[in-house]
Amino acid sequence: MASIRELHKQLVKKERSAVEITQEALDRIQALEPKIHSFLCVTAERALEQARAVDAKIAAGEEIGLLAGIPIGIKDNICTKGITTTCASRILENFVPPYEATVTQKLAAADAVVGGKTNLDEFAMGGSTETSAYGLTANPWDLSRVPGGSSGGSAAAVAAGECVISLGSDTGGSIRQPASFCGVVGIKPTYGLVSRYGLVAFASSLDQIGPFARSVEDAAILLQAIAGYDPKDSTSLKVSIPDYTASLKPDLKPRGQLRIGIIKETFGEGLDSQVEQAITKALDQLQNLGAEVHVVSCPRFRYGLPSYYIIAPSEASANLARYDGVKYGYRAEEAENLMEMYTRTRASGFGAEVKRRIMLGTYALSAGYYDAYYLKAQKVRTLIKEDFERAFEQVHVLACPTAPTTAFKAGEKTADPLSMYLVDLMTIPVNLAGLPGISVPCGFDDNGLPIGLQLIGRPLREDQLFQVAYAYEQSTPWHLRTPQV
């Protein structure tokens with residue numbers, strides 16, 4: 001698949017039609033899905049209808065935007081009116097939302113073509129897309145390995161060329177970690193930059209929708225389209241959205257003006273040696289491009305994981321209470337009374353990982369434990385945020401590995417939840433602080449598996465992240481390699 005800008009030029013020059021581009025994506029989905037299983041639902045007829053509408057605009061001489069006619073995948077925890085939204089859970093198996101999420105409304109207004117809904121860990125709870133009630137998604141680079149999670153379907157679909165771009169959601173690393181595992185670009189925006197209206201809630205103070213793309217420019221174009229204030233979301237920020245593509249330059253000159261901080265706490269025990277080598281080389285390259293590179297400390301960084309696994313399950317426990325078999329979704333039959341119906345519905349409707357997190361959260365919020373767990377975790381969250389603020393007094397952008405390892409084998413960590421949670425060690429603190437973070441490909445290990453460099457920005461400085469990521473991307477060959485699926 002070509003880039004957004006290349007496809008746009010082809011459409012404007014009438015070298016190709018939107019229907020042709022869409023059909024190419026649908027054909028690729030049909031060919032690859034038996035192997036990859038990125039999609040839970042493919043909306044072929046609707047996609048072709050959207051493409052025909054774009055072609056009609058071009059034929060009538062109307063101007064079209066950059067996203068017009070561009071095939072996109074939508075993570076299946078983002079509500080789409082008239083299309084099932086399952087969150088990869090049995091409890092929402094046949095749920096068709098009566099309303100549209102703000103981000104998909106914006107995409108419709110931009111004439112993007114939605115190819116379907118992508119697979120995820122159930123209710124976005126997981127780091128491998130293995131907790132989906134509807135089967136595993138494979139990593140296009142090695143079908144025996146996971147694509148990461150929870151947005152594994154969105155990342156794998158872009159990596160395999162089943163769509164040009166896709167949307168995911170990131171609560172503790174669910175965009176950046178699969179972007180790293182699948183060798184694509186993934187950005188978690190500043191909390192509140194992109195509306196959460198229509199995103200099925202997991203942990204409301206952490207969730208954020210963001211883009212996947214094959215290139216930094218494509219990610220910037222997609223973020224441009226979905227960012228902005230939304231009165232339907234009480235956490236939405238009233239800020240003006242800059243032109244993110246304006247910051248895309250091939251180097252970081254004048255030399256020494258931009259300072260990058262290496263978070264020293266992200267190196268050491270648990271970090272794969274090949275990942276460390278790739279990150280070190282990437283930082284050397286950023287220095288060659290004109291950045292000043294310093295080592296900085298975020299001493300409470302390592303406490304992100306334990307505090308997250310109190311806060312996120314606590315919010316999930318409250319958010320998932322609505323799935324009770326009464327209002328919508330799955331309902332267990334043959335219950336003798338209301339309480340039994342609740343119990344049977346939730347027992348059979350939710351998977352093991354979702355139940356585990358509901359129980360963790362309910363326990364942390366229960367009488368006698370609230371202060372000891374939830375309140376303490378929130379205080380630690382504040383300390384982590386303060387560490388970032390101190391670091392940003394010295395540098396403009398922070399850098400570290402996106403994940404401690406490359407993609408692991410399917411089934412390798414399912415029996416050990418803690419080892420699965422540790423995969424998000426590098427990404428979680430960014431969500432706790434509400435900061436923007438991007439993962440950009442920075443190399444491959446000896447098994448040919450992608451490695452991601454994570455760049456972390458100050459609040460609402462996505463433009464700086466794009467600037468650094470783009471300069472690095474354009475000076476290295478990693479984004480040009482594609483999986484031979």
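**Close-ups of a predicted model**

**View 1. Helices H9 and H12 are oblique to each other, because their axes cross at roughly 125 degrees.** This is a predicted model, as are all the views below. H9 covers residues 304–319 and H12 covers residues 370–391, and the two axes come within 9 Å. The crossing of H9 past H12 is left-handed. On the H9 side, look for Gly 304, Ser 307, Ile 310, Ile 311, Ser 314 and Glu 315. They meet a set of H12 residues made up of Tyr 373, Tyr 374, Ala 377, Gln 378, Val 380, Arg 381 and Ile 384.

**View 2. Helix H11 packs on H12 as well, with the axes 7 Å apart.** H11 runs over residues 352–365, and its angle to H12 is about 110 degrees. That angle falls in the 65 to 115 range, so H11 and H12 count as roughly perpendicular to each other. Tyr 363, Ala 364 and Leu 365 come from H11, while H12 brings Tyr 370, Tyr 373 and Tyr 374 to the contact. Tyr 373 and Tyr 374 also turn up among the H12 residues that meet H9.

**View 3. Here is the open sheet, built from 11 strands with mixed pairing.** Reading across, the strand order is S1-S3-S2-S4-S6-S5-S10-S11-S9-S7-S8. Strand S1 (39–42) and strand S8 (292–296) sit at the edges, each pairing on one side only. From one strand to the next, the twist averages 30 degrees. Helix H8 (residues 273–288) lies across S7, S8, S9, S10 and S11, and makes an angle of about 55 degrees with S11.

**View 4. Strand S11 has an antiparallel partner in S10 and another in S9.** S10 (residues 437–444) pairs with S11 (residues 450–457) over seven bridges. S9 joins S11 over five bridges, with Ala 399 bridged to Leu 455. The hairpin of S10 and S11 has five residues between the strands, and Gly 448 has a positive phi near 75 degrees there. How many of the residues of S11 are buried? Eight of its eight are. Pro 450, Gly 452, Gln 454 and Ile 456 point one way, whereas Ile 451, Leu 453, Leu 455 and Gly 457 point the other.

**View 5. Thr 190 sits in the loop between strands S5 and S6.** Is Thr 190 buried or exposed? It is buried, because its relative accessible area is 3%, under the 20% cut-off. Away from its neighbours within four places in sequence, Thr 190 is in contact with Gln 208, Leu 237 and Glu 462, among others. The contact list also includes Gly 434, Leu 435 and Pro 436, along with Pro 459 and Leu 460.

**View 6. Cys 298 and Cys 442 are both buried, but neither has a cysteine sulfur within bonding reach.** A disulfide needs two cysteine sulfurs within 2.5 Å. For Cys 298, the closest cysteine sulfur is in Cys 400, 9.0 Å away, so it is too far for a bond. For Cys 442, the closest is again in Cys 400, at 11 Å, which is also too far. Relative accessibility is 2% for Cys 298 and 3% for Cys 442. Searching the whole structure turns up zero disulfides.

Definitions and conventions
Residues numbered from 1 in each chain as written. Predicted model: local features only at pLDDT ≥ 70, side-chain atom pairs only at ≥ 80, totals over all residues. Heavy atoms only, no water. Pairing = 2+ DSSP bridges. Helix = DSSP H or I, 4+ residues; strand = E, 2+ residues; numbered from the N terminus. Axes fitted to C-alpha atoms, helices over the stretch in contact; angles between N-to-C directions. Contact = heavy atoms within 4.5 Å. Buried < 20%, exposed > 50% of the residue type's maximum accessible area, 1.4 Å probe, protein only. Parallel < 35°, antiparallel > 145°, perpendicular 65-115°, else oblique. Left-handed = near helix turned anticlockwise from the far one by under 90°.
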